[in-house]
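Hi,

Here is the model I promised to pass on.

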Amino acid sequence: MPGILIFSENNAIALELVTAGLGLKATMNHSLCAVALSEADATALAAAGADKVVLLTGQDWPEGCAQPIAELAARELAAVILIGGTARGKDIAAKVANELDAGLVTEAQTIEIAEDKLQTTRLKYGGLAVACEATVLPAVVTIAPRTFDKAVAGGGQGQITSLAATGGDPRVKVSELCPIERQGVDIAAAARIVCVGRGLAKKEDLTLAEDLAKALSAEIGCTRGIAEDYHWLPVERYIGISGQNIKAELYLSLGVSGQVQHVAGIRDAKVIVAVDTNEKAPIFAAADYGIVGDLYEVAPLITAALKK
Amino acid sequence: MSKILVCYKWVLDEQDIRVNAADASLDLSRAKYKISDYDKNAIEEAVLLQEGQGATVDAVTFGGDAVRQSLKDLLSRGPDKVYYIADPAADKADGYVTAGVLAVAARKTGPYDLIICGEGSADAYNQQVAPRLAASLGLPAITYVQSLKLEDGRVVATRKLGDCTEVVTVEGPAVVSVVPEINKPRIPSLKQVLAAAKKPSEEIKIADLGLSPRQLAAKTVTLTVKGFVMNRKNVLFKEPAQADNVAKLAAALAKEGVC
């Protein structure tokens, strides 16, 4: 019977895919097959509700699993292949889709079957818009981490089988695997955020934002430019579609113009306040409250007012 | 001497797209085209290799008729020659079609020692053309590359993968996709802009690529596109003295219960 196949090299994400897959299973009435890279992962996926788990062995580099996953999908007559939307996952998904001569939807936010096609929604134009798309089956989909809740172990008794992955590409050598050190701030979970943008003239002036953040008990966030071009703040503090999405009760920006990609990351904030010199800056259209002015004059005034 | 191909997409500038609040439709009328931001990093990386070790750099793009406007901008950024496939089919193309078209074009104009793409396009950001292109050409893909070297017929790249980095070495040609932090694209100098006018561009007709109707039919079709409508209060405090504006802001935040 044509089925649903799921895979992520990160098992926490694979368990989220089980939830997405079980949702599809309810309408498609197809079996749910998961691919795992370790025995522990395979057991967890079976317990969480996968009807069948294939334990793929003999391949150290997840990207090298694309070929065996594509072969498995073809053999299982998989109609929908869900892959966790990590960088590795997106690489694998594109290769699997190419091998199966199938379409690939990247970072789908919703998935359903409608009129024998896979119907999905995803962001477009840097988060400015949502596109609803239909893809012919078989279809490959990547799903970003935390899009679905993790499936919990519920006494599932899926069958686990083992499959040896063949070969790998002799032209490719992988070395120097190195974890990226995080500096421990979780902007996505912060209740209040003071965000700095290119309106800030130099790194030393961050103290202005830090003083305000202290008065507000807020964390400092920034735009992509401040983190990736100027390197004034670590990358995990930048807010936007390709950075952190925040859910703060208060977001206050200083010298942020409000590019589409940044605004996409602050949409879920409860109250948005903007300070910028340019009255026409798009940040004001996205804000609840705005002050048109020089952050060097306004920020210390806000700090003083809040201290009272 | 190495031969490099860089792929780019000519996209609408998303900063100029407006969302009509009434029906969430998109107003594209004021949006101009630009070279997709991520592809500027791909172009810059190819040109840095060209300058560093004397490679030749071809560029290729697949787009609608508007893509012809991109040629001068592209050439002023350093590539030696640009191939373009201008066809309305591009407007409905998905990653499957685009990678298929680029793969056949690259076979026609190559072979290449290295093919460089951006990590995704600024408009659709599907992030699939580079690995699909690699698979179609039977070459290894190295995606999400933050630093890149070409040495003695080997491609050596450091990948950035969210929580880790790794080094991938490929013997022989490869397709890579680069992340924005790999370099800072230069702003073309007047000299480069003038030199661009003398560089060759060549049109490749889609009909000459020998693709079947099936290969040109998108697997994914767009049903609707709707803009995000921000429902915000949009209160601007505009007193002449900033102290008054700050006092009003503090009062408003107190009323919201966030201060």
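B:Tyr144 is buried, with a relative accessible area of 6% (buried means under 20% relative accessible area, exposed over 50%, partly exposed in between, with a 1.4 Å probe and protein chains only). This tyrosine lies in strand 9 (residues 141-151) of chain B; helices (H or I, at least four residues) and strands (E, at least two) are DSSP runs, numbered from the N terminus. B:Tyr144 also has a positive phi of about 55°, although it is not a glycine.

Before you go further: this is a predicted model, where local features need pLDDT of at least 70 and side-chain atom pairs count only at pLDDT 80 or more, while totals for chains, interfaces and linings use all residues. Residues are numbered from 1 along each chain as its sequence is written, chains are lettered from A and ligands numbered from 1 in the order in which they are written, and side-chain values use heavy atoms, leaving out hydrogens and water.

A:His231 has a positive phi too, near 55°. Its setting is the loop between helix 6 (224-229) and strand 14 (250-254) of chain A, and A:His231 is exposed, at 56% relative accessible area.

Now chain B as a whole. Its secondary structure comes to six helices and 15 strands, and 54% of its 259 residues count as buried. The C-alpha trace spans about 65 × 40 × 40 Å along its principal axes. Of the contacts in chain B between residues at least 6 apart in sequence, 69% join residues at least 24 apart; contact means heavy atoms within 4.5 Å.

Next, the cores. A nonpolar core is a set of buried Ala, Val, Leu, Ile, Met, Phe, Trp, Tyr and Cys residues joined through side-chain atoms within 4.5 Å. The largest one has 38 residues, and those touching the most other members are B:Ile4, B:Leu114, B:Ile116, B:Ile142, B:Leu148, B:Val155 and B:Val176. Helix 1 (residues 37-53) of chain B gives this core its largest share, five residues. A second, separate core of 35 residues includes A:Leu206, A:Leu216, A:Ile291 and A:Ala299. In soluble globular proteins, nonpolar side chains tend to be buried together.

Which residues does A:Lys95 contact, leaving aside its neighbours within four places in sequence? They are A:Glu63, A:Ala66, B:Pro131 and B:Ala141. A:Lys95 sits in helix 4 (residues 87-100) of chain A and is buried, with 15% relative accessible area.

Two loop residues in chain B are worth a look as well. B:Asp13, between strand 2 (10-12) and strand 3 (18-19), counts as buried at 18% relative accessibility. Its side chain reaches the backbone nitrogen of B:Gln15 at 3.0 Å, and B:Asp13 touches B:Ala31, B:Lys32 and B:Lys34, not counting residues up to four places away in sequence. B:Val67 lies between strand 6 (56-63) and helix 2 (71-76), and counts as buried at 1% relative accessibility. With residues up to four places away in sequence left out, B:Val67 touches B:Trp10, B:Thr61, B:Tyr84, B:Ile85 and B:Ala86.

Finally, the cis peptide bonds I noted. One joins A:Leu137 and A:Pro138, with omega about -5°; A:Pro138 is in the loop between strand 8 (129-136) and strand 9 (139-143) of chain A. Another runs from B:Gly110 to B:Pro111, with omega near 5°, and B:Pro111 is in the loop between helix 3 (95-109) and strand 8 (114-118) of chain B.

Cheers

Definitions and conventions. A polar contact is a pair of N or O atoms within 3.5 Å; within protein, one must be able to donate a hydrogen and the other to accept it, and residues adjacent in sequence count only if both atoms are side-chain atoms.
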